[in-house]
Amino acid sequence: MSPQIETSNFISSQTETSKSTAPPTRVKSTLNLNSILKAKEQPPTVITPIEEPVNVKPLTEEQLREAWAEYARLRKDQVAEFHLLSREVDLNGSIVTVALANTVEEPLLQSMMTDLVTYLRNRLSNPTIKVESVMKEVDVKKMAYTNKEKFDLLAEKNPMLKELKDRLGLDTDF
């Protein structure tokens with residue numbers, strides 16, 4: 001035999017022995033079917049319905065506004081929250097509706113919702129109070145920046161101003 005064949009046989013025999021003697025690096029796991037069957041055999045959990053509280057104080061709009069203002073004063077150090085809580089709220093039964101001006105205020109209200117509802121329920125002794133938000137379009141006042149925009153805004157208020165400009169031959173863009 002040639003020396004090259006012997007070394008290749010030697011190398012292949014070494015790799016076979018190293019493969020069989022090397023410890024496994026990963027633990028083999030098998031699925032236990034008995035545990036799956038036992039999990040299915042457990043009795044279903046019974047969920048008891050929540051009963052309405054018996055002695056619920058009726059909610060008046062005056063009491064709500066007072067408690068809402070107190071909570072707003074507690075949050076005075078957080079400017080954005082205080083600004084949101086300073087808005088008018090509507091009461092319909094036990095549902096308090098807050099009008100939001102934009103979508104940025106929604107996460108802000110949601111972040112303080114649990115504290116707010118808990119405070120209102122405890123303060124007013126009414127566990128049925130819920131707070132909801134409604135997006136309400138706010139009329140945005142158009143700002144006049146250029147001279148022409150300023151003149152047009154004033155001309156809307158007083159149409160005679162436009163006639164005066166035309167008679168005197170004035171130019172608003174200077």
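Helix axes here are lines fitted to C-alpha atoms over the stretch in contact, and angles run from 0 to 180 degrees between N-to-C directions. Keep that in mind for the first stop. The model is predicted.

**Stop 1: two helices.** Select α6 (residues 147–157) and α7 (residues 160–168). Their axes come within 6 Å and cross at roughly 125°. That makes α6 oblique to α7. Now show side chains. Phe151, Leu154 and Ala155 in α6 meet Leu161, Lys162 and Lys165 in α7. Four residues of this contact are nonpolar, two are charged and none is polar.

Stay on α6 and pick Lys148 and Asp152. Their side chains form a salt bridge (3.6 Å, N to O). The two residues sit four apart, about one turn of the helix.

**Stop 2: the core.** Select Trp68, Leu85, Val96, Leu109, Leu116, Leu120 and Val131. These have the most contacts inside the largest nonpolar core, which has 21 residues. At least two core residues come from each of α3 (61–74), α4 (79–85), β2 (95–100) and α5 (105–124). The largest share, seven residues, comes from α5. Center on Val131. Among the residues Val131 touches are Trp68, Val98, Met113 and Val117.

Last, select Arg123 and Glu66, which pair at 3.1 Å, N to O, in a salt bridge. Arg123 lies in α5 and Glu66 in α3, so the pair ties together parts 57 residues apart in sequence. Arg123 is partly exposed, at 32% relative accessibility. Glu66 is also partly exposed, at 43%.

Technical notes
Residues are numbered from 1 along each chain as its sequence is written. This is a predicted model: local features need pLDDT of at least 70, side-chain atom pairs count only at pLDDT 80 or more; totals for chains, interfaces and linings use all residues. Side-chain values use heavy atoms; hydrogens and water are left out. A nonpolar core is a set of buried Ala, Val, Leu, Ile, Met, Phe, Trp, Tyr and Cys residues joined through side-chain atoms within 4.5 Å. Buried means under 20% relative accessible area, exposed over 50%, partly exposed in between (1.4 Å probe, protein chains only). Contact means heavy atoms within 4.5 Å. Angles under 35 degrees count as roughly parallel, over 145 as roughly antiparallel, 65 to 115 as roughly perpendicular and the rest as oblique. Ala, Val, Leu, Ile, Met, Phe, Trp, Tyr, Cys and Pro count as nonpolar, Asp, Glu, Lys and Arg as charged, and the others, Gly among them, as polar. A salt bridge is a side-chain nitrogen of Lys or Arg within 4 Å of a carboxyl oxygen of Asp or Glu. Lists of a residue's contacts leave out its neighbours within four places in sequence.
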